[in-house]
Number of protein chains: 2
Amino acid sequence: MLVIKVGGGADIDYPALCDDIAAVTARGIEIVLVHGGSHETNRVATALGTPPRFVTTASGHVSRYTDQAAMDSFLMVYAGKINKRIVELLQQRGVNAFGCSGLDGQLLRAERKATLRIVENGKQLMLRDDRTGTIDGVNSTLLNALRHAGVVPVIAPIACSHQGDALNVDGDRAAAQIAVALRAETLLLLSSVPGLLRAFPDESSLIRIIPRADINSYMDVAQGRMKKKVMGAAEALAGGVSTVIMGDARIANPISIALAGHGTTIS
Amino acid sequence: MLVIKVGGGADIDYPALCDDIAAVTARGIEIVLVHGGSHETNRVATALGTPPRFVTTASGHVSRYTDQAAMDSFLMVYAGKINKRIVELLQQRGVNAFGCSGLDGQLLRAERKATLRIVENGKQLMLRDDRTGTIDGVNSTLLNALRHAGVVPVIAPIACSHQGDALNVDGDRAAAQIAVALRAETLLLLSSVPGLLRAFPDESSLIRIIPRADINSYMDVAQGRMKKKVMGAAEALAGGVSTVIMGDARIANPISIALAGHGTTIS
């Protein structure tokens, strides 16, 4: 079992990814795919007159601020366009993909963060009405029912709060929680970089191997969005996943190349 | 088993529908919901600079012309915003709803109409690149797997072509095919009118009862979009569904009121 998260950058090669998923599943390897959609969400939200707002939390993470208008764009692009276009690419390649979000059937349950403490112009502010959360449960019974029905799940990182609200959750950490729940051997985090870079954005500074015991010490090496990938990797390893790989999603054969060791391998 | 199709008009009361779904499922009646989304799709597509184009086919039906840009808007609104906001309304009411489209897992298979013969300014034209089709298969194995997993399916009317392409399919006829495949007793078509009207838009001309043997003779009574509902009703009845009801989706308790006979009942 291989759980893959593919990012949502403008330069992601989705057809190449889907070619590789078809090749890998044909070899009998089971896949669950979690996807991003940030670039297209920003484009659509801006076109609809509700441009995205990014905030830096007090703990130093950069997050999308998700009020109800932002959630509409998020649902449209993540659960609509990106999810279904990926399913279509896979169906066209003979893979019986099945797209849904973590809201559906409470596939991903999350605790809503009622308030978000952010830093803006050096000052701390409290934001309310943010529709984000932290995953605290995976409905593995439902996920297994889908697998047993013979489909390849394609999951948008939207979770269901304990009150039934749709929440924006981090895709890398969602994939990590799914990998743990399904006892996957490998978690593959594909995005617009070749892996974890010691000196971002210098791609020649790629870190090839990280011993699993050292993963937390790499939180300081990771910049911006990569911090969530390191957090996801740490959560997956702590939950029993053997190997986490960060690889490049802009190239042909992205899965095979990452599995062959051409990314950052943590094990 | 009750299969419900709810329309996508601007005046549909989705919270009221979801209140009633919660009440009906609490009485032990199993529900599958198919939904529309036309009004919101038109709004979003127009805002994104690709306004909808409606065409009249040679056989007299009004259809949405779905090129790839229109399909993007269709996927965003139907499979994204509307599907997930309905799932959220149901989850908030304690109903474990599960949203997907007919593309997912080939839940709905359809034959693509490669060309569309339309009438424009009195002349016949052929349109190519239209992404629409006619359903010729329902994956009832997968649908039953979802039901046995204890979730209420909420389905966007998008089908999978035999080449794996996403197709826009008629929601009323999709609901009819699902009702037949699941051997549902009742198909309920809820929209922005109280039922089939003898003199549209005069709501006092509501036709209360149609004997099932007479359904085809009502094709001429039905105007515009209602023709698809009559076709769906005829297909459902021919496929073994006992009762088809057309009811009002703009009011409180729309399901209970329709089941009580306050729409057009065909049986």
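Modeller: A:Arg131 sits in the loop between β8 (123–128) and β9 (133–138) of chain A; helices (H or I, at least four residues) and strands (E, at least two) are DSSP runs, numbered from the N terminus. This is a predicted model, in which local features need pLDDT of at least 70 and side-chain atom pairs count only at pLDDT 80 or more, while totals for chains, interfaces and linings use all residues. Residues are numbered from 1 along each chain as its sequence is written, and chains are lettered from A and ligands numbered from 1 in the order in which they are written.

With 22 other C-beta atoms within 10 Å, A:Arg131 is buried (20 or more such atoms mean buried, 12 or fewer exposed, and counts in between partly exposed, with C-beta atoms placed from the backbone). Beyond its neighbours within four places in sequence, A:Arg131 is in contact with A:Thr66, A:Met71, A:Asp165, A:Ala166, A:Leu167 and A:Asn168; contact means C-beta atoms, placed from the backbone, within 7 Å. A:Thr115 is 16 residues from A:Arg131 in sequence, and their C-alpha atoms are 9.4 Å apart.

Helix α5 (residues 171–181) of chain A is mostly covered, with 11 of its 11 residues buried. Just after α5(A) comes A:Arg183, with a positive phi of about 55 degrees. A:Arg183 lies in the loop between α5 and β13 of chain A and counts as exposed, with 12 C-beta neighbours inside 10 Å. Most residues other than glycine have a negative phi, and most peptide bonds are trans. In chain A, the bond joining A:Phe200 and A:Pro201 is cis, with omega about 5 degrees. A:Pro201 belongs to the loop between β13 (186–191) and β14 (209–210) of chain A.

In chain B, the axes of α5 (residues 171–181) and α6 (residues 226–238) come within 8 Å and cross at roughly 10 degrees; axes are lines fitted to C-alpha atoms, for helices over the stretch in contact, and angles run from 0 to 180 degrees between N-to-C directions. α5(B) and α6(B) are therefore roughly parallel to each other (under 35 degrees; over 145 is roughly antiparallel, 65 to 115 roughly perpendicular, and the rest oblique). Their contact has six nonpolar, one polar and five charged residues, where Ala, Val, Leu, Ile, Met, Phe, Trp, Tyr, Cys and Pro count as nonpolar, Asp, Glu, Lys and Arg as charged, and the others, Gly among them, as polar.

Helix α2 (residues 38–47) of chain B packs on helix α3 (residues 68–92) of chain B at about 130 degrees, with axes 9 Å apart. That makes α2(B) oblique to α3(B). Among the residues of α2(B) that meet α3(B) are B:Val44 and B:Ala45. The contact of α2(B) with α3(B) divides into eight nonpolar, two polar and two charged residues.

Between the chains, 33 residues of chain B are in contact with 34 residues of chain A. The largest share of the side of chain B that touches chain A, 12 residues, comes from α3(B). By class, that side has 16 nonpolar, 11 polar and six charged residues.

Key: Contact = placed C-beta atoms within 7 Å.
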